[in-house]
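Here are my notes on this model. Please read them with the structure open.

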Amino acid sequence: MGISPVLWQFLVKWLHSSALFPVEASTIAPYTDALYFFLVSVSLVGLIFVTLLIFYFSVRYRRDKHPVAVQVEGSTILEATWTIIPLAIFLVVFVWGGLLYFRIYDPPPNAMNIYVVGKQWMWKAEHPGGQHEINALHIPVGQPVQLTMISQDVFHSFSIPDFRVKREVIPGRYSTVWFQATDPGTYHIFCTQYCGTLHSGMIGEVTAMTPADYKKWLDQSNSGMSLAQNGERLFASMGCNACHSGNAAARGPNLAGVYGSKVTLTDGSQVLVNDAYLRDAILNPSQHVTAGYAPIMPTYQGQISEDGLIDIVEFIKQLQSNYRIQQTFVTADSNQASPTTPSVGSNQDSVKP
Amino acid sequence: MSSTATIVTLPDQATARLPKRNYLNNEDGLLSWLLTGDHKRIAMLYLISITFFFFIGGAFAGLIRLELLTPQPDLVAADTYNKFFTMHGIIMVFLFLVPSVPATIGNFLMPIMVGAKDLAFPKINLLSWYLYVLGGILLMAALVLGGVDTGWTFTTPLSTHYLNTHVITAALAIFVAGFSSIFTGLNFIVTIHRMRCPGMTWFRLPLFVWSNYAASLLMVLGTPVLAITLVLVLLERVFGIGVFDPTKGGDPLLFQHLFWFYSHPAVYIMILPGMGVISETISTFSRKRVFGYTAVAFSSVAIALFGFFVWAHHMFIMGISNYSALVFSLLTMLVAVPSAIKIFNWAFTLQKGSITFETPMLYSFGFMGLFTIGGVTGVFLGSLGMDIHLTETYFIVAHFHFVMVGGMLMAFLAGIHFWWPKMTGRMYPESLSKLAAVTTFIGFILTFMPQFILGYLGMPRRYHAYPPEYQVLNVLSTAGATVLGVGYMLPLLYLGWSLKYGAIAGDNPWQATGLEWQIQSPPLTENFIEIPIMDHEAYDYEWLEQKQKNEVTTVG
Amino acid sequence: MDNTVATEHPHTHETAVHVEHEHIALPQHRHHFETVEQQREAGSFGMWLFLLTEIMFFGGLFFAYLLYRNWYYAAFASASETLSIQIGTANTAILITSGFFMALAVWAAEVRKKKMLVWTLILTTVFGVAFLGFKYDEYHAKWVEHHIPGAHFDIKDFVNPPINPQTHKPIEDPISPDMAQRTQIFFFLYFAMTGMHALHMIIGVGLLFWLIRRAARGDFSAGYVAPIENFGLYWHFVDIIWLFLYPLLYLINRHPMH
């Protein structure tokens, strides 16, 4: 960043101790702060320059000392100067800000995923292992964490100022943000998009822990089923397994291993199967018909909550074989259920706890 | 920097009288005011109504700051607090800032500045005022009936499906007030195009006219989009169709795009006329033509044009694609440049001038400093990565108050003081007004500087309660608000006082150029006995000197 | 953009006298305008500017239409088929004819033919009212078919289209239930856009009654044509909006019934 890390730490700690500056608790925070200090410096220089100009001219050309004004039309050189220099500075700021933006909103591939559902007026965090938290988020330091977020009702916005990250939490679609915590401790979570009566009550705490502590916490807080296990249960109880059984003649496409792959739809377009696609396919199936299949999937809009959708999405994410689906498939004749043998590499249960 | 010099030149107070016939005493009776076509009377009607709504909006600001003295939500209930900031925002944006300079000073001065006897469509001008009043009444009705708590931004689906306050009444109020704005802008554009007096070419127009022209373009093209957006919100709220509801296939982001498509140009509607005032005051109190007249004129139009293409910078974290975010960020950087150009041009107008420090000049200096701060913090926010941390916090609140209050409101006060002698024939008391100017400046900085720091710390906006570590800064901010309130009360009092007891101003107390200063104060109803012929440039102080040497008496 | 008045008034004295003359000669001359010509140009400019604001106003609806048609094309296509192409096309022809008569009215005013002016204005109104009448029929049909979005909306026509008695096939391709729900968005936009258009037409018809009354009195047969001209601009604009609405709403994917 152009200044020695030691000096930087000193500067930030000193600022923070005056209660006028937030801590830097994530890997991206120093980058944000660097841009901020640059902007503050440039602004100060600009402001001082303008103020000095005004003061100097006011004193030098005050009426007492300069009774007759000299009419000046203008100066193209000056106009060009104070057009080009600000523009150049603004463009530098634009590029720097753009790079920072992409850094904050493009997660690294090894990020662990935690789901967050915002609703009036609380945050629900759901770890893949099934740990549920309300207005709290436990995370390990030194590990990229991605939050996949959605709102159950109105716009909210999930903000962790000490990590310098924030993202709108929108009804109807997933939004994501990632961060990597650097220091164990607790930090504020705020909802920053006005969402009604208890908007200012929709706050919580991020607890960043050492990896060992985090593992302990995970084990302690496990209340039973993981998200994927719950998803498996929903998959059966809502009848998804009837069409998505994995048989060759099934009415719906095979979902094993589909997450992360590209599928071709009936209109010829290719789509990447990610969280958003899966959620949307459950709610608006007629717009996501895989090529070769009839548009007969009913919509589950209104029949399943965002939590339930998250569970099913987690389940499908983890799905590598249809063995367990066909095990749970209810059929009148036992010889109609023809389980295929588990695929290569999964001697254990195909669904991870 | 103190200087005893002043350019104020008043007629001999022992013998001076207000002109026998002027627009104020031309006709008598309430109906002559309520059915007037005279742009000057309409401007005064607006001035009274705008002031009324300003103080209501200001009262809400006071209540907000009072609640925020303590971290706990202990003054009022959460819903009440939400209504406070909603009403504060709606009133200040739509009933004060948008019409402030155009509808009062613009209405009064613009026809005179172009050498016309009135605006192009006087009846539509009056209709504008009635629509404004109707909008105001509807909003007050919403208030009295229980208030509205959507925030001035009416975000869906909160405003359409999740609140049971008087959203419909409030949305209707703004819908109606929007047409007031559209008709004012329409009137201005036609007047400037078609009613300039002989010899008044575009580049001889005062820069105040250029700024209002640019603002009028925005009013005319942008406000209708707000109107249709409000219609859609109303329809969705009443019929529950789902055009913004994701469970029914709608898109809440559609509302955001439509809303901000107007609301971003709206901020330029609010600031451009203020910039026009500053051009006039800086020039007059330096006795000099504005430096780089052409650059300032074109930069007004550039701001208007670019202002239409940056709306999604209010949506950087809302799920727009990274690439469209890049485009809007770049355009935001471009729109910042013309404002910077203006600041430098105004500063260099001071060079080699002959400067005095009357109240309008003090307000103008305040504008330049505070608007610069507000403007550069806008660049902070236009920078994508920076915006992620700063958006939706008190940094944003500080930013827009710096440009709107430190900028626009100061410019409005500068303009009111500058043209008060012309509009009323009376001077305001100078020492008291200087005190008020300095008070507002100090109060403003104390109120809003801490909010930048609060924003970086992460304190969200629209928060009723906050973590205790933010209290000190909030207390500073509230203390400042008290000082600011005093600073704003003072003009109300002494300007009112001056109507009866102020010194008689005469035609041209500031020794200014400009057609408005060559006619009597207050002006005749028809402004000019005969339409003038413009034979000199704007801000032509040499022409003024010649004229003053040659003239014997000036009656109007 | 240059000043239109500059060339005509070299001396202030003559200006004052010139104005006086104009003032006496023409009753419609408002005193704040220097000449009638200036007044006329200002009025026309003002009307064009107002129409520009109307474009921005309707623009919001067109933008919403653009978005949702892109997302839910199948729903839009199916829903569009349920609109009556006969009434839609007839209405388009009616409105164009109405516009034709309005253009004739403007000409009649300019050449000072009072009787023709009154008759063409009346015909404009008649055709305008006919348009509105047919529009009401269409709205009524939508009500009967349960195609009005909201509580009484019924998707059965889209999920199970009626069978054509002659071919024994469904008259339309069926669409899936969730896509059928999206037809509500089409119908909402249909009612919002044609409703807003109809509102403008009703205002126009109201203005036409007023203009007919004044025309019959002879107000516009002596050279003062600005209200007729400016109203003509407005009426033609409303016509043009319909010319965009018609293909966007009625002609999405018209094909013969199965």
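Which residues does A:Glu126 touch, leaving aside residues up to four places away in sequence? Bear in mind that this is a predicted model.

1. **Contacts of A:Glu126.** Not counting residues up to four places away in sequence, A:Glu126 touches A:Ile114, A:Tyr115, A:His132, A:Leu227 and A:Ile310. A:Glu126 itself sits in strand β2 of chain A, which covers residues 122-126.

2. **Its surroundings.** A:Glu126 counts as buried because it has 23 C-beta neighbours inside 10 Å, and the cut-off for buried is 20 or more. One of its contacts, A:Leu227, is 101 residues away in sequence. In space, the C-alpha atoms of A:Glu126 and A:Leu227 are 7.7 Å apart.

3. **Chain B against chain A.** Here 78 residues of chain B are in contact with 77 residues of chain A. On the chain B side, the elements giving two or more residues include α3 (78-97), α9 (252-286), α12 (359-382) and α15 (430-457). α11 (322-350) of chain B is also among them. α11(B) gives the most to this side, with 15 residues. The chain B side divides into 46 nonpolar, 23 polar and 9 charged residues.

4. **Chain C against chain B.** How many residues of chain C are in contact with chain B? The count is 38 residues of chain C, in contact with 41 residues of chain B. On the chain C side, α1 (12-25), α2 (36-71) and α8 (183-216) each supply at least two residues. α2(C) gives the most, with 16 residues. By class, the chain C side has 19 nonpolar, 15 polar and 4 charged residues.

5. **Where to look.** For the chain contacts, begin with α11(B) on the side that touches chain A. Then turn to α2(C) on the side that touches chain B.

Note on methods:
Residues numbered from 1 in each chain as written. Chains lettered and ligands numbered in written order. Predicted model: local features only at pLDDT ≥ 70, side-chain atom pairs only at ≥ 80, totals over all residues. Contact = placed C-beta atoms within 7 Å. Helix = DSSP H or I, 4+ residues; strand = E, 2+ residues; numbered from the N terminus. Nonpolar A, V, L, I, M, F, W, Y, C, P; charged D, E, K, R; others polar. Buried ≥ 20, exposed ≤ 12 C-beta atoms within 10 Å, placed from the backbone.
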